[in-house]
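Hi everyone, thanks for making time today. I'd like to walk you through a structure that may be new to you, so please have a look at it while I talk.

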Amino acid sequence: MPAKREFQKTSLPLQFVVVGAGLGGVSASIALSLAGHKVKLLEAAPELGEVGAGIQIPPPSIKILEAMGCLKEVDAVSIHPTDILIHRYDTGEVISKQNLVPYVKDKYDGLYLHIHRAHYHEVLVNRAKELGVEIHLNSRVESVDFDTNSVRTAAGVVHTGDVIVGYDGVRSKTREEITGKAGGAYDTGDLAYRALIPTELLKTVPGLEKYWSHPDIHFWWGPTLHIVMYFLQGGKICNVVGLCPDTLPDDVMREGANHQELIEVTKGWDSDLHKIFNLIDEVGKWRLQDSRELANWVPEKGNVIILGDASHSTLPYLASGASQAVEDAAVLAGLFSKIESKDQIREILTMVESMRKWRSSQVVRGSANCRNIYHLADGEEQEIRDSKLKGKAPQLGCPNRFADPVFQDFLWGYDAFEEIERGWAEYKSGKMPTYDYPNLYEA
Ligand SMILES: Cc1cc2nc3c(=O)[nH]c(=O)nc-3n(C[C@H](O)[C@H](O)[C@H](O)COP(=O)(O)OP(=O)(O)OC[C@H]3O[C@@H](n4cnc5c(N)ncnc54)[C@H](O)[C@@H]3O)c2cc1C
(Lines give C-alpha, C1' and ligand atoms only; values in the text may rest on other atoms or scores of the structure.)
Protein backbone atom coordinates (compact mmCIF):
# COMPACT_ATOMS: atom_id res chain seq x y z
CA MET A 1 0.00 0.00 0.00
CA PRO A 2 1.45 3.44 -0.86
CA ALA A 3 2.54 5.59 2.10
CA LYS A 4 0.03 8.17 3.31
CA ARG A 5 1.26 11.56 2.23
CA GLU A 6 0.92 13.57 5.41
CA PHE A 7 3.09 14.58 8.35
CA GLN A 8 2.04 12.62 11.42
CA LYS A 9 2.03 14.40 14.78
CA THR A 10 4.91 13.56 17.08
CA SER A 11 4.42 12.40 20.65
CA LEU A 12 7.66 14.21 21.60
CA PRO A 13 7.53 17.89 20.52
CA LEU A 14 10.99 19.42 20.12
CA GLN A 15 12.25 22.96 19.60
CA PHE A 16 13.88 23.45 16.18
CA VAL A 17 15.93 26.48 15.16
CA VAL A 18 16.01 26.80 11.36
CA VAL A 19 18.66 29.15 9.96
CA GLY A 20 17.64 30.77 6.64
CA ALA A 21 14.19 31.51 5.28
CA GLY A 22 14.69 30.59 1.62
CA LEU A 23 12.40 28.09 -0.11
CA GLY A 24 14.12 25.26 1.80
CA GLY A 25 14.09 26.76 5.29
CA VAL A 26 10.46 27.86 5.06
CA SER A 27 9.42 24.42 3.74
CA ALA A 28 11.23 22.71 6.63
CA SER A 29 9.53 25.07 9.11
CA ILE A 30 6.10 24.18 7.72
CA ALA A 31 6.73 20.43 7.65
CA LEU A 32 8.24 20.38 11.17
CA SER A 33 5.31 22.42 12.52
CA LEU A 34 2.85 20.03 10.92
CA ALA A 35 4.76 17.20 12.59
CA GLY A 36 4.03 18.86 15.92
CA HIS A 37 7.39 20.52 16.61
CA LYS A 38 8.05 24.13 17.59
CA VAL A 39 10.05 26.16 15.06
CA LYS A 40 12.06 29.37 15.25
CA LEU A 41 13.07 30.55 11.78
CA LEU A 42 16.02 32.96 11.66
CA GLU A 43 16.60 35.07 8.55
CA ALA A 44 19.54 37.42 8.00
CA ALA A 45 17.63 39.78 5.69
CA PRO A 46 15.44 42.57 7.06
CA GLU A 47 12.47 41.24 5.11
CA LEU A 48 11.27 37.97 3.65
CA GLY A 49 11.28 37.41 -0.09
CA GLU A 50 12.95 35.74 -3.05
CA VAL A 51 14.90 37.39 -5.82
CA GLY A 52 15.23 36.11 -9.35
CA ALA A 53 12.54 35.01 -11.71
CA GLY A 54 10.81 31.73 -12.57
CA ILE A 55 11.26 28.33 -11.02
CA GLN A 56 10.16 24.86 -12.08
CA ILE A 57 8.48 22.55 -9.57
CA PRO A 58 8.74 18.83 -10.38
CA PRO A 59 6.40 16.04 -9.14
CA PRO A 60 8.28 15.03 -5.94
CA SER A 61 7.86 18.57 -4.56
CA ILE A 62 4.21 18.61 -5.61
CA LYS A 63 3.49 15.65 -3.31
CA ILE A 64 5.20 17.47 -0.45
CA LEU A 65 3.41 20.76 -1.13
CA GLU A 66 0.14 18.87 -1.00
CA ALA A 67 1.00 17.39 2.40
CA MET A 68 2.10 20.85 3.58
CA GLY A 69 -1.32 22.23 2.64
CA CYS A 70 0.15 24.62 0.04
CA LEU A 71 -0.57 22.99 -3.31
CA LYS A 72 -3.83 24.74 -4.08
CA GLU A 73 -2.32 28.16 -3.46
CA VAL A 74 0.86 27.34 -5.41
CA ASP A 75 -1.14 25.96 -8.32
CA ALA A 76 -3.34 29.07 -8.43
CA VAL A 77 -0.32 31.24 -9.35
CA SER A 78 1.46 28.69 -11.56
CA ILE A 79 1.22 27.42 -15.11
CA HIS A 80 1.23 23.80 -16.31
CA PRO A 81 3.70 23.48 -19.21
CA THR A 82 2.66 20.93 -21.83
CA ASP A 83 5.99 19.81 -23.29
CA ILE A 84 9.72 20.25 -22.86
CA LEU A 85 11.09 21.14 -26.29
CA ILE A 86 14.79 21.16 -27.12
CA HIS A 87 15.69 23.32 -30.12
CA ARG A 88 18.82 23.40 -32.19
CA TYR A 89 20.43 26.76 -31.46
CA ASP A 90 20.71 28.14 -35.00
CA THR A 91 17.75 26.79 -36.97
CA GLY A 92 15.33 26.44 -34.06
CA GLU A 93 14.57 22.87 -35.20
CA VAL A 94 13.04 20.81 -32.38
CA ILE A 95 15.44 17.91 -31.75
CA SER A 96 13.79 16.42 -28.65
CA LYS A 97 10.43 16.53 -26.93
CA GLN A 98 9.25 15.30 -23.54
CA ASN A 99 5.57 15.51 -22.74
CA LEU A 100 4.54 16.87 -19.32
CA VAL A 101 0.75 17.08 -19.60
CA PRO A 102 -0.75 14.49 -19.31
CA TYR A 103 2.42 12.36 -18.93
CA VAL A 104 3.52 13.55 -15.47
CA LYS A 105 0.08 13.06 -13.96
CA ASP A 106 -0.31 9.61 -15.52
CA LYS A 107 3.17 8.34 -14.72
CA TYR A 108 4.13 10.16 -11.52
CA ASP A 109 0.81 11.05 -9.97
CA GLY A 110 1.93 14.66 -9.80
CA LEU A 111 2.19 17.94 -11.65
CA TYR A 112 5.00 19.91 -13.25
CA LEU A 113 4.58 23.60 -12.52
CA HIS A 114 6.22 26.88 -13.45
CA ILE A 115 5.90 29.71 -10.97
CA HIS A 116 7.52 33.02 -10.10
CA ARG A 117 9.77 32.27 -7.13
CA ALA A 118 8.45 35.31 -5.21
CA HIS A 119 4.92 33.86 -5.46
CA TYR A 120 6.13 30.40 -4.41
CA HIS A 121 7.94 31.84 -1.41
CA GLU A 122 4.97 34.00 -0.42
CA VAL A 123 2.61 31.00 -0.35
CA LEU A 124 5.08 29.09 1.85
CA VAL A 125 5.65 32.03 4.22
CA ASN A 126 1.89 32.54 4.64
CA ARG A 127 1.48 28.88 5.52
CA ALA A 128 4.40 28.99 7.98
CA LYS A 129 2.84 32.01 9.70
CA GLU A 130 -0.54 30.30 9.81
CA LEU A 131 1.10 27.33 11.57
CA GLY A 132 2.71 29.56 14.18
CA VAL A 133 6.33 29.43 13.03
CA GLU A 134 8.23 32.10 14.99
CA ILE A 135 10.02 34.20 12.35
CA HIS A 136 12.98 36.41 13.33
CA LEU A 137 14.22 38.84 10.69
CA ASN A 138 17.56 40.74 10.85
CA SER A 139 18.94 37.61 12.48
CA ARG A 140 22.19 36.76 10.75
CA VAL A 141 23.70 33.73 12.46
CA GLU A 142 27.39 34.23 13.11
CA SER A 143 28.28 31.20 15.22
CA VAL A 144 27.01 27.81 16.32
CA ASP A 145 27.65 26.32 19.77
CA PHE A 146 27.67 22.54 19.35
CA ASP A 147 27.66 21.90 23.12
CA THR A 148 24.46 23.80 23.81
CA ASN A 149 22.76 23.45 20.37
CA SER A 150 22.50 27.19 20.06
CA VAL A 151 23.29 29.87 17.53
CA ARG A 152 24.36 33.46 18.09
CA THR A 153 23.26 36.23 15.72
CA ALA A 154 25.20 39.34 14.65
CA ALA A 155 23.14 41.30 17.19
CA GLY A 156 24.35 38.95 19.95
CA VAL A 157 21.01 37.19 20.43
CA VAL A 158 21.34 33.50 21.34
CA HIS A 159 18.70 31.00 20.16
CA THR A 160 18.81 27.51 21.65
CA GLY A 161 16.95 24.47 20.39
CA ASP A 162 16.89 20.72 20.59
CA VAL A 163 17.97 20.76 16.93
CA ILE A 164 19.62 23.41 14.72
CA VAL A 165 18.96 23.14 10.97
CA GLY A 166 21.18 25.20 8.66
CA TYR A 167 19.29 26.14 5.50
CA ASP A 168 21.43 29.20 4.92
CA GLY A 169 22.24 28.74 1.25
CA VAL A 170 25.31 28.22 -0.88
CA ARG A 171 27.50 30.53 1.25
CA SER A 172 26.30 28.90 4.49
CA LYS A 173 27.75 30.06 7.82
CA THR A 174 26.40 26.92 9.50
CA ARG A 175 28.40 24.78 7.04
CA GLU A 176 31.49 26.84 7.81
CA GLU A 177 30.98 26.20 11.52
CA ILE A 178 30.55 22.44 10.94
CA THR A 179 33.52 21.99 8.61
CA GLY A 180 35.70 24.56 10.37
CA LYS A 181 36.59 25.92 6.93
CA ALA A 182 35.64 29.15 5.18
CA GLY A 183 34.42 28.83 1.59
CA GLY A 184 32.69 25.77 0.27
CA ALA A 185 30.90 27.62 -2.55
CA TYR A 186 32.71 27.10 -5.85
CA ASP A 187 32.46 29.18 -9.01
CA THR A 188 31.14 26.94 -11.75
CA GLY A 189 32.52 29.13 -14.56
CA ASP A 190 28.98 29.90 -15.71
CA LEU A 191 26.56 32.72 -15.10
CA ALA A 192 22.82 33.14 -15.59
CA TYR A 193 21.11 35.99 -17.41
CA ARG A 194 17.54 36.25 -16.10
CA ALA A 195 14.75 38.41 -17.54
CA LEU A 196 10.96 38.66 -17.50
CA ILE A 197 8.91 39.95 -20.42
CA PRO A 198 5.15 40.70 -20.40
CA THR A 199 3.63 38.18 -22.82
CA GLU A 200 1.53 41.02 -24.29
CA LEU A 201 4.78 42.31 -25.84
CA LEU A 202 5.50 38.94 -27.49
CA LYS A 203 2.05 39.11 -29.05
CA THR A 204 3.01 42.29 -30.92
CA VAL A 205 5.83 40.58 -32.82
CA PRO A 206 4.95 38.46 -35.87
CA GLY A 207 6.30 34.92 -35.78
CA LEU A 208 6.26 34.42 -32.02
CA GLU A 209 2.75 32.89 -31.80
CA LYS A 210 4.19 29.40 -31.57
CA TYR A 211 5.67 30.32 -28.20
CA TRP A 212 2.97 32.33 -26.45
CA SER A 213 0.01 30.32 -27.76
CA HIS A 214 1.17 27.21 -25.87
CA PRO A 215 2.66 26.86 -22.38
CA ASP A 216 5.75 24.80 -23.27
CA ILE A 217 9.25 25.03 -21.92
CA HIS A 218 11.83 25.73 -24.61
CA PHE A 219 15.55 25.01 -24.50
CA TRP A 220 18.00 26.09 -27.18
CA TRP A 221 21.24 24.12 -26.81
CA GLY A 222 24.29 25.67 -28.45
CA PRO A 223 28.06 26.02 -28.31
CA THR A 224 29.15 27.06 -24.77
CA LEU A 225 25.67 28.15 -23.67
CA HIS A 226 21.98 27.44 -23.62
CA ILE A 227 18.77 29.42 -23.35
CA VAL A 228 15.65 28.40 -21.40
CA MET A 229 12.30 30.06 -21.90
CA TYR A 230 8.96 29.38 -20.22
CA PHE A 231 5.85 31.15 -19.06
CA LEU A 232 4.61 32.18 -15.62
CA GLN A 233 1.41 33.43 -13.98
CA GLY A 234 -1.09 31.69 -16.22
CA GLY A 235 0.94 32.77 -19.27
CA LYS A 236 1.08 36.52 -18.56
CA ILE A 237 4.84 36.61 -18.13
CA CYS A 238 7.59 35.10 -20.25
CA ASN A 239 10.69 33.98 -18.29
CA VAL A 240 14.00 33.96 -20.15
CA VAL A 241 17.25 32.53 -18.80
CA GLY A 242 20.61 32.41 -20.57
CA LEU A 243 23.26 30.11 -19.08
CA CYS A 244 26.71 30.89 -20.39
CA PRO A 245 30.39 31.32 -19.49
CA ASP A 246 30.98 33.66 -16.56
CA THR A 247 32.33 37.07 -17.60
CA LEU A 248 31.61 38.89 -14.31
CA PRO A 249 34.55 40.57 -12.57
CA ASP A 250 36.06 38.35 -9.84
CA ASP A 251 34.58 40.31 -6.95
CA VAL A 252 31.07 40.71 -8.43
CA MET A 253 28.37 38.08 -7.83
CA ARG A 254 25.51 39.84 -9.52
CA GLU A 255 24.98 42.87 -11.76
CA GLY A 256 22.54 44.41 -14.18
CA ALA A 257 23.10 43.92 -17.91
CA ASN A 258 21.79 45.09 -21.24
CA HIS A 259 19.71 42.81 -23.47
CA GLN A 260 22.23 43.61 -26.25
CA GLU A 261 24.70 41.42 -24.35
CA LEU A 262 22.35 38.45 -24.73
CA ILE A 263 22.06 39.20 -28.43
CA GLU A 264 25.87 39.39 -28.67
CA VAL A 265 26.52 36.07 -26.93
CA THR A 266 23.97 34.36 -29.19
CA LYS A 267 25.17 35.79 -32.49
CA GLY A 268 24.08 33.50 -35.33
CA TRP A 269 21.39 31.79 -33.20
CA ASP A 270 17.70 31.29 -34.04
CA SER A 271 16.33 34.70 -35.12
CA ASP A 272 13.22 34.10 -32.94
CA LEU A 273 15.48 34.43 -29.91
CA HIS A 274 16.69 37.83 -30.99
CA LYS A 275 13.10 38.97 -31.58
CA ILE A 276 12.39 37.90 -27.99
CA PHE A 277 15.56 39.41 -26.49
CA ASN A 278 14.75 42.74 -28.15
CA LEU A 279 11.65 42.93 -25.93
CA ILE A 280 13.65 42.69 -22.71
CA ASP A 281 13.61 45.81 -20.61
CA GLU A 282 15.66 44.66 -17.63
CA VAL A 283 18.07 41.77 -17.37
CA GLY A 284 20.31 40.73 -14.48
CA LYS A 285 23.25 38.36 -14.45
CA TRP A 286 24.17 36.08 -11.59
CA ARG A 287 27.38 34.14 -11.00
CA LEU A 288 26.51 30.44 -10.62
CA GLN A 289 28.18 28.55 -7.80
CA ASP A 290 27.82 24.99 -6.63
CA SER A 291 29.26 22.84 -3.86
CA ARG A 292 31.42 19.73 -3.53
CA GLU A 293 30.03 16.69 -1.76
CA LEU A 294 30.77 17.13 1.93
CA ALA A 295 32.04 14.34 4.18
CA ASN A 296 29.23 15.06 6.66
CA TRP A 297 26.16 17.20 7.00
CA VAL A 298 26.02 16.46 10.75
CA PRO A 299 29.00 17.49 12.94
CA GLU A 300 30.83 15.11 15.27
CA LYS A 301 28.96 16.54 18.22
CA GLY A 302 25.81 18.59 18.58
CA ASN A 303 22.29 18.25 17.20
CA VAL A 304 22.96 20.18 14.02
CA ILE A 305 22.46 19.48 10.30
CA ILE A 306 22.80 21.46 7.08
CA LEU A 307 20.31 21.00 4.25
CA GLY A 308 19.29 22.59 0.94
CA ASP A 309 21.89 24.66 -0.91
CA ALA A 310 23.97 24.79 2.29
CA SER A 311 24.83 21.12 1.78
CA HIS A 312 24.30 20.50 -1.96
CA SER A 313 24.17 23.61 -4.09
CA THR A 314 23.90 22.83 -7.80
CA LEU A 315 24.02 24.35 -11.25
CA PRO A 316 20.38 24.91 -12.26
CA TYR A 317 20.57 22.73 -15.43
CA LEU A 318 18.18 20.09 -14.09
CA ALA A 319 15.95 22.74 -12.46
CA SER A 320 16.09 20.75 -9.25
CA GLY A 321 18.00 22.67 -6.55
CA ALA A 322 14.95 23.95 -4.70
CA SER A 323 13.12 20.67 -5.14
CA GLN A 324 16.03 18.89 -3.43
CA ALA A 325 15.79 21.39 -0.56
CA VAL A 326 12.04 20.70 -0.27
CA GLU A 327 12.61 16.91 -0.32
CA ASP A 328 15.22 17.34 2.46
CA ALA A 329 12.59 19.23 4.47
CA ALA A 330 10.01 16.46 4.08
CA VAL A 331 12.41 13.66 5.05
CA LEU A 332 13.69 15.66 8.05
CA ALA A 333 10.17 16.38 9.34
CA GLY A 334 8.83 12.91 8.50
CA LEU A 335 11.58 11.13 10.42
CA PHE A 336 11.32 13.54 13.36
CA SER A 337 7.57 12.95 13.47
CA LYS A 338 8.45 9.39 14.56
CA ILE A 339 10.94 10.23 17.30
CA GLU A 340 10.38 8.23 20.49
CA SER A 341 13.08 9.63 22.77
CA LYS A 342 15.55 12.51 22.76
CA ASP A 343 18.38 9.97 22.64
CA GLN A 344 17.42 9.35 19.00
CA ILE A 345 18.01 12.94 17.82
CA ARG A 346 21.54 12.45 16.51
CA GLU A 347 20.68 9.09 14.93
CA ILE A 348 17.76 10.67 13.11
CA LEU A 349 19.95 13.51 11.87
CA THR A 350 22.47 10.95 10.61
CA MET A 351 19.61 9.09 8.90
CA VAL A 352 18.50 12.27 7.14
CA GLU A 353 22.05 12.74 5.86
CA SER A 354 22.37 9.11 4.85
CA MET A 355 19.03 9.08 3.04
CA ARG A 356 19.50 12.41 1.25
CA LYS A 357 23.21 12.77 0.44
CA TRP A 358 23.51 10.33 -2.44
CA ARG A 359 20.41 11.61 -4.21
CA SER A 360 21.24 15.30 -3.93
CA SER A 361 24.86 14.61 -4.95
CA GLN A 362 23.60 12.93 -8.14
CA VAL A 363 21.59 16.06 -8.89
CA VAL A 364 24.70 18.23 -8.44
CA ARG A 365 26.79 15.88 -10.63
CA GLY A 366 23.99 15.39 -13.13
CA SER A 367 23.50 19.14 -13.50
CA ALA A 368 27.22 19.69 -14.13
CA ASN A 369 27.09 16.85 -16.65
CA CYS A 370 24.23 18.60 -18.44
CA ARG A 371 26.58 21.47 -19.24
CA ASN A 372 28.78 19.04 -21.22
CA ILE A 373 25.71 17.81 -23.07
CA TYR A 374 23.87 21.08 -23.71
CA HIS A 375 26.89 23.23 -24.61
CA LEU A 376 28.59 21.08 -27.26
CA ALA A 377 30.11 22.89 -30.23
CA ASP A 378 29.01 21.68 -33.64
CA GLY A 379 31.00 18.63 -34.62
CA GLU A 380 31.20 14.89 -34.18
CA GLU A 381 30.13 14.78 -30.52
CA GLN A 382 27.19 17.08 -31.17
CA GLU A 383 26.14 14.97 -34.16
CA ILE A 384 26.24 11.81 -32.02
CA ARG A 385 24.24 13.60 -29.32
CA ASP A 386 21.59 14.78 -31.77
CA SER A 387 21.40 11.40 -33.48
CA LYS A 388 20.35 9.90 -30.13
CA LEU A 389 17.53 12.43 -29.93
CA LYS A 390 15.95 13.06 -33.31
CA GLY A 391 13.08 10.68 -34.00
CA LYS A 392 14.31 8.18 -31.40
CA ALA A 393 12.44 6.76 -28.43
CA PRO A 394 14.42 7.87 -25.37
CA GLN A 395 16.69 5.22 -23.86
CA LEU A 396 19.06 5.01 -20.91
CA GLY A 397 21.72 7.68 -21.46
CA CYS A 398 19.41 9.87 -23.58
CA PRO A 399 21.07 13.32 -23.79
CA ASN A 400 17.76 14.96 -22.93
CA ARG A 401 18.05 13.98 -19.26
CA PHE A 402 14.38 14.76 -18.65
CA ALA A 403 13.49 12.09 -21.22
CA ASP A 404 16.01 9.38 -20.23
CA PRO A 405 13.62 6.81 -18.73
CA VAL A 406 15.96 5.86 -15.88
CA PHE A 407 17.14 9.35 -15.04
CA GLN A 408 13.60 10.70 -15.29
CA ASP A 409 12.36 8.08 -12.85
CA PHE A 410 15.17 9.00 -10.47
CA LEU A 411 14.39 12.72 -10.74
CA TRP A 412 10.59 12.70 -10.85
CA GLY A 413 9.59 9.35 -9.35
CA TYR A 414 10.83 10.06 -5.82
CA ASP A 415 8.22 9.84 -3.08
CA ALA A 416 9.54 11.35 0.16
CA PHE A 417 6.69 9.77 2.14
CA GLU A 418 7.58 6.25 0.99
CA GLU A 419 11.18 7.04 1.82
CA ILE A 420 10.28 8.14 5.34
CA GLU A 421 8.38 4.88 6.00
CA ARG A 422 11.12 2.72 4.46
CA GLY A 423 13.85 4.59 6.34
CA TRP A 424 12.11 4.35 9.69
CA ALA A 425 11.34 0.64 9.26
CA GLU A 426 15.01 -0.07 8.42
CA TYR A 427 16.17 2.01 11.39
CA LYS A 428 13.86 0.11 13.74
CA SER A 429 15.26 -3.16 12.40
CA GLY A 430 18.76 -1.99 13.33
CA LYS A 431 20.00 -0.77 9.92
CA MET A 432 21.12 2.69 8.85
CA PRO A 433 18.95 3.43 5.76
CA THR A 434 20.52 4.86 2.62
CA TYR A 435 19.09 5.72 -0.77
CA ASP A 436 20.42 4.92 -4.19
CA TYR A 437 19.09 4.23 -7.63
CA PRO A 438 20.52 1.72 -10.09
CA ASN A 439 22.09 2.42 -13.49
CA LEU A 440 22.00 6.19 -13.43
CA TYR A 441 25.31 6.67 -15.16
CA GLU A 442 27.29 4.60 -17.59
CA ALA A 443 30.54 5.45 -15.74
C1 LIG B 1 19.20 30.66 -12.44
C2 LIG B 1 18.67 29.64 -11.46
C3 LIG B 1 17.54 28.91 -11.79
C4 LIG B 1 17.04 27.92 -10.91
N5 LIG B 1 15.96 27.22 -11.28
C6 LIG B 1 15.50 26.26 -10.44
C7 LIG B 1 14.34 25.52 -10.79
O8 LIG B 1 13.73 25.73 -11.86
N9 LIG B 1 13.89 24.54 -9.92
C10 LIG B 1 14.54 24.29 -8.74
O11 LIG B 1 14.10 23.38 -8.00
N12 LIG B 1 15.64 25.00 -8.37
C13 LIG B 1 16.14 25.98 -9.19
N14 LIG B 1 17.21 26.69 -8.81
C15 LIG B 1 17.90 26.40 -7.53
C16 LIG B 1 17.18 27.02 -6.33
O17 LIG B 1 16.99 28.41 -6.54
C18 LIG B 1 17.98 26.81 -5.05
O19 LIG B 1 18.47 25.48 -5.00
C20 LIG B 1 17.09 27.03 -3.83
O21 LIG B 1 16.54 28.32 -3.87
C22 LIG B 1 17.89 26.82 -2.53
O23 LIG B 1 17.06 27.07 -1.43
P24 LIG B 1 17.67 27.16 0.04
O25 LIG B 1 16.53 27.54 0.90
O26 LIG B 1 18.45 25.95 0.35
O27 LIG B 1 18.74 28.36 -0.02
P28 LIG B 1 18.54 29.90 -0.34
O29 LIG B 1 17.41 30.12 -1.25
O30 LIG B 1 19.87 30.41 -0.74
O31 LIG B 1 18.12 30.53 1.06
C32 LIG B 1 19.06 30.78 2.08
C33 LIG B 1 18.47 31.81 3.03
O34 LIG B 1 19.32 31.90 4.17
C35 LIG B 1 19.54 33.25 4.48
N36 LIG B 1 20.84 33.32 5.17
C37 LIG B 1 22.08 33.20 4.61
N38 LIG B 1 23.02 33.25 5.57
C39 LIG B 1 22.37 33.38 6.75
C40 LIG B 1 22.81 33.47 8.09
N41 LIG B 1 24.11 33.42 8.41
N42 LIG B 1 21.88 33.62 9.07
C43 LIG B 1 20.56 33.67 8.76
N44 LIG B 1 20.08 33.58 7.49
C45 LIG B 1 20.99 33.44 6.51
C46 LIG B 1 19.51 33.96 3.13
O47 LIG B 1 19.24 35.34 3.28
C48 LIG B 1 18.39 33.20 2.44
O49 LIG B 1 17.13 33.75 2.72
C50 LIG B 1 17.71 27.69 -9.67
C51 LIG B 1 18.84 28.46 -9.32
C52 LIG B 1 19.30 29.42 -10.20
C53 LIG B 1 20.52 30.22 -9.79
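Let's begin with the record: which residues does the UniProt annotation "domain: FAD-binding" cover? According to that unreviewed entry, the annotation covers residues 17–366. Please keep in mind that what you see is a predicted model. In this model, the span 17–366 is 34% helix and 29% strand, and its end C-alpha atoms lie 31 Å apart.

Now to the ligand. Which residues come nearest to it? There are 32 residues around the ligand, and the nearest are Glu43, Gln56, Arg117, Val141 and Asp309. Let me go through some of the distances. For glutamate 43, an N or O atom in the side chain is 2.6 Å from an oxygen atom of the ligand. With glutamine 56 we turn to the backbone: a polar backbone atom there is 2.8 Å from a ligand oxygen. Arginine 117 uses its side chain again, with an N or O atom 2.9 Å from an oxygen of the ligand.

How much of the ligand does the protein bury? Taken alone, the ligand exposes 1000 Å², and the protein buries 84% of that. The elements giving two or more residues to the shell are α1 (23–34), β3 (54–57), β13 (186–198) and α12 (321–336). If you sort that shell by class, you find 13 nonpolar, 11 polar and 8 charged residues.

Is tyrosine 120 buried or exposed? Its relative accessible area is 2%, which is under the 20% cut-off, so tyrosine 120 counts as buried. Leaving out residues up to four places away in sequence, tyrosine 120 touches Leu23, Ile55, Ile57, Leu65, Val74, Ile115 and Val326.

The second one is serine 96, which sits in strand β6, residues 94–99. Serine 96 is 24 residues from tyrosine 120 along the chain, and their C-alpha atoms are separated by 29 Å. Serine 96 is buried too, because its relative accessible area is 8%. What does the side chain of serine 96 contact? It makes a polar contact with the side chain of asparagine 400, at 2.8 Å. Beyond its neighbors up to four places away in sequence, serine 96 touches Ile84, Leu85, Ile86, Leu389 and Asn400.

Aspartate 404 caps the N-terminal end of the helix, with a side-chain oxygen 2.8 Å from the backbone nitrogen of valine 406.

Finally, a few backbone details. A cis peptide bond joins valine 101 and proline 102, with omega about 15°, and proline 102 is in the loop between β6 and α4. Aspartate 109, in the loop between α4 and β7 (113–116), has a positive phi near 50° without being a glycine. Glutamine 233 also has a positive phi, about 50°, and lies in the loop between β15 (225–232) and β16 (237–245). Both are partly exposed, aspartate 109 with a relative accessible area of 42% and glutamine 233 with 28%.

That's my tour, and I'm happy to take questions.

How values were computed:
Residues are numbered from 1 along each chain as its sequence is written. This is a predicted model: local features need pLDDT of at least 70, side-chain atom pairs count only at pLDDT 80 or more; totals for chains, interfaces and linings use all residues. Side-chain values use heavy atoms; hydrogens and water are left out. A residue is near a molecule or strand if one of its heavy atoms lies within 4 Å of it. A polar contact is a pair of N or O atoms within 3.5 Å; within protein, one must be able to donate a hydrogen and the other to accept it, and residues adjacent in sequence count only if both atoms are side-chain atoms. Accessible areas come from the Shrake-Rupley method with a 1.4 Å probe; for residues, only the protein chains shown count as cover. Helices (H or I, at least four residues) and strands (E, at least two) are DSSP runs, numbered from the N terminus. Ala, Val, Leu, Ile, Met, Phe, Trp, Tyr, Cys and Pro count as nonpolar, Asp, Glu, Lys and Arg as charged, and the others, Gly among them, as polar. Buried means under 20% relative accessible area, exposed over 50%, partly exposed in between (1.4 Å probe, protein chains only). Contact means heavy atoms within 4.5 Å. UniProt positions are given in the numbering used here, feature names are shortened, and annotations may be inferred rather than shown by experiment.
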